[in-house]
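Please read the following report beside the sequence and the three-dimensional model. The text moves from one surface region to loops, a helix and charged pairs, and then to the chain overall.

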Amino acid sequence: MTIAVTSAVRLDDTIVAAATPNGRGALALIRLSGRDAFSIAAKHLRPLPSQPRVSQLCSVHDGDELLDQALVTLFPGPNSFTGEDTVELSTHGGYLVPDSVIAALISSGARQALPGEFTRRAVLNAKLDILQAEAIGDLIDSRSQAMRRTALGQLDGGLSRRLLQLRSNLIDLEALIVYDIDFPEEDDGPVSREKVEHAAAEITESLKALLATAPMGELVREGAVVVIAGPPNAGKSSLFNALLGRSRAIVTELPGTTRDALEAVIDTGEWPLRLVDTAGLRYTDDRLERLGIEVSERYLADAHVVIACGETPAGLENTVTLIAQTSPAPILPVHTKIDLVSQGDKSGWPLSTLAISAETGTGLPDLLEAINEVLRKEHGEVSPDVPMLTRARHRHALSLACSELELFQQAWDENSLPATVASVHLRTAVLALEELIGTVEIEDVFDRVFSSFCVGK
């Protein structure tokens, strides 16, 4: 793999950083990686561990001063995370001890690592590809079980293997064209146009199938936007708090209390849900409340599911009609405050209405299951065994590859271009996949991917 390296990233430096968050805690993990990692560590550890991959209790010194006692493990390259000689020190936590140890290591020749530089080196040393590196970031940032499972599948190489197979298929198709151009008179005869058409059609279908996972991947990564909407004082904020399990929204009997949208993420086990509590939908002369309603309408336009809240059948029907004018998303009608309604007054509601009480918790599991059912119907089941596209970068590269392959098919079917010219589209499609995986010079892509990582990763 050939990758240009900017002056900001020097691979011959030995780098150090804490891999755990700064602050009060029992332990801190410090990583030291590079060609001088062992010699720098030897200046500060007494004794230096003699066996690789075996943790040993060592005293950490800065000159004659004892800084801490730490469990230290040596990982000789290339059999380490970064592919370089690596030392991991498990020190006591807090602010002072880890910072003092890092400062001592820097004074002996190490430098502070850049964000994501350890993982970046793992990619540059062919321990990971760039998709697996992205998966590490997604795993760290995951806020749901679905995102965790998806990230682990990508880290295991599921998406990489799928893309490498598509790349291989494209190169095989290229080889057919080259064979036909360079050896037209061989015993096998010219390659049939039908064989090329069939191969191109199969690859296009596979690319489109993978590209079709992008909407689901976005939901898993970012969360499905579930907007709670309805008139003022319809129980929206109470429902938001009940689903969240804590009080985030102010709940009063005064209409118009919620002036802005509140957003929080909950994990249902199947999908991450971005719950949004919105201002009450009504006509008002209050300028501040009107701004809140406009924010509500923007959220409604982007929602994946809308929960329509109402206290009466007529009021709920009016709310559903009003929401449908703004949002194309599926709408779940909900009868809120069911605990305040007597048994005799529970008739007259449509069968599709969910009866909810934020006060007692009645109906909340049914509501969550209804939301999940809508998402399953709209986007399919989430399976960790099926590779999916989770980033805009993935979607852009696959779209480009698919577009180039379709242009090749059009030129080939119409016989409008010489084979040598038409095959340029195949080469562009291959390059798009190679950039996605990280097998070409893509330093700018690396910069974007690793800039969001924490320093010690």
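Glu-197 lies in helix H7, where helices (H or I, at least four residues) and strands (E, at least two) are DSSP runs numbered from the N terminus. Because its relative accessible area is 31%, Glu-197 is partly exposed; in this scheme buried means under 20% relative accessible area, exposed means over 50%, and partly exposed is in between, with a 1.4 Å probe and protein chains only. Together with Glu-194, Asp-413 and Glu-414, Glu-197 forms a negative surface patch. Helix H7 (193-211) and helix H13 (392-414) are the elements that give two or more residues to this patch. Patches are made of residues with over 30% relative accessible area and no salt bridge, like charges being joined within 9 Å and nonpolar side chains (Val, Leu, Ile, Met, Phe, Trp, Tyr) within 5 Å. Lys and Arg count as positive and Asp and Glu as negative, while His and the chain ends are not counted; the place of a charge is taken as NZ of Lys, CZ of Arg, CG of Asp or CD of Glu.

The model is predicted, so local features need pLDDT of at least 70 and side-chain atom pairs count only at pLDDT 80 or more, whereas totals for chains, interfaces and linings use all residues. Residues are numbered from 1 along each chain as its sequence is written, and side-chain values use heavy atoms, with hydrogens and water left out.

The peptide bond from Arg-46 to Pro-47 is cis, with omega near -5°, and Pro-47 lies in the loop between strand E3 (45-46) and strand E4 (56-62). A cis peptide bond also runs from Gly-77 to Pro-78, with omega near 5°, and Pro-78 belongs to the loop between strand E5 (65-75) and strand E6 (86-94). Arg-53, found in the loop between E3 and E4, has a positive phi near 60° although Arg-53 is a residue other than glycine. Asn-233, in the loop between strand E8 (224-229) and helix H9 (236-244), likewise has a positive phi near 60°.

| Residue | Relative accessible area | Class |
|---|---|---|
| Arg-53 | 41% | partly exposed |
| Asn-233 | 31% | partly exposed |
| Asn-125 | 33% | partly exposed |
| Glu-222 | 37% | partly exposed |
| Arg-221 | 28% | partly exposed |

Helix H3 is mostly covered, since eight of its eight residues are buried; among them are Glu-117, Phe-118, Arg-120 and Leu-124. Asn-125 is found in the loop between helix H3 (117-124) and helix H4 (130-141), and Ala-126, which follows H3, has a positive phi near 65°. Asn-125 touches Thr-82, Gly-83 and Glu-84, leaving aside residues up to four places away in sequence, where contact means heavy atoms within 4.5 Å. Asn-125 and Pro-78 are 47 residues apart in sequence, and their C-alpha atoms are 8.5 Å apart in space.

Side chains of opposite charge can pair when their charged atoms come close. A salt bridge is counted when a side-chain nitrogen of Lys or Arg is within 4 Å of a carboxyl oxygen of Asp or Glu, and a search of the whole structure finds 19 salt bridges. Arg-111 and Glu-117 meet in a salt bridge at 2.6 Å, N to O, and Glu-117 counts as buried because its relative accessibility is 1%. The side chains of Arg-391 and Asp-138 also form a salt bridge, at 2.9 Å, N to O. This pair links distant parts of the chain, 253 residues apart, with Arg-391 in the loop between helix H12 (364-379) and H13 and Asp-138 in helix H4. Both Arg-391 and Asp-138 are buried. Glu-222 and Arg-221 meet in a salt bridge at 3.5 Å, N to O. Salt bridges that share partners join Glu-134, Asp-138, Arg-221, Glu-222, Arg-391 and Arg-393 into one network.

Over the whole chain, the protein has 15 helices and 13 strands, and 46% of its 457 residues count as buried. Among contacts between residues at least 6 apart in sequence, 65% join residues at least 24 apart. The protein exposes about 22000 Å², of which carbon and sulfur atoms supply 52%, with accessible areas taken from the Shrake-Rupley method with a 1.4 Å probe and, for residues, only the protein chains shown counting as cover.
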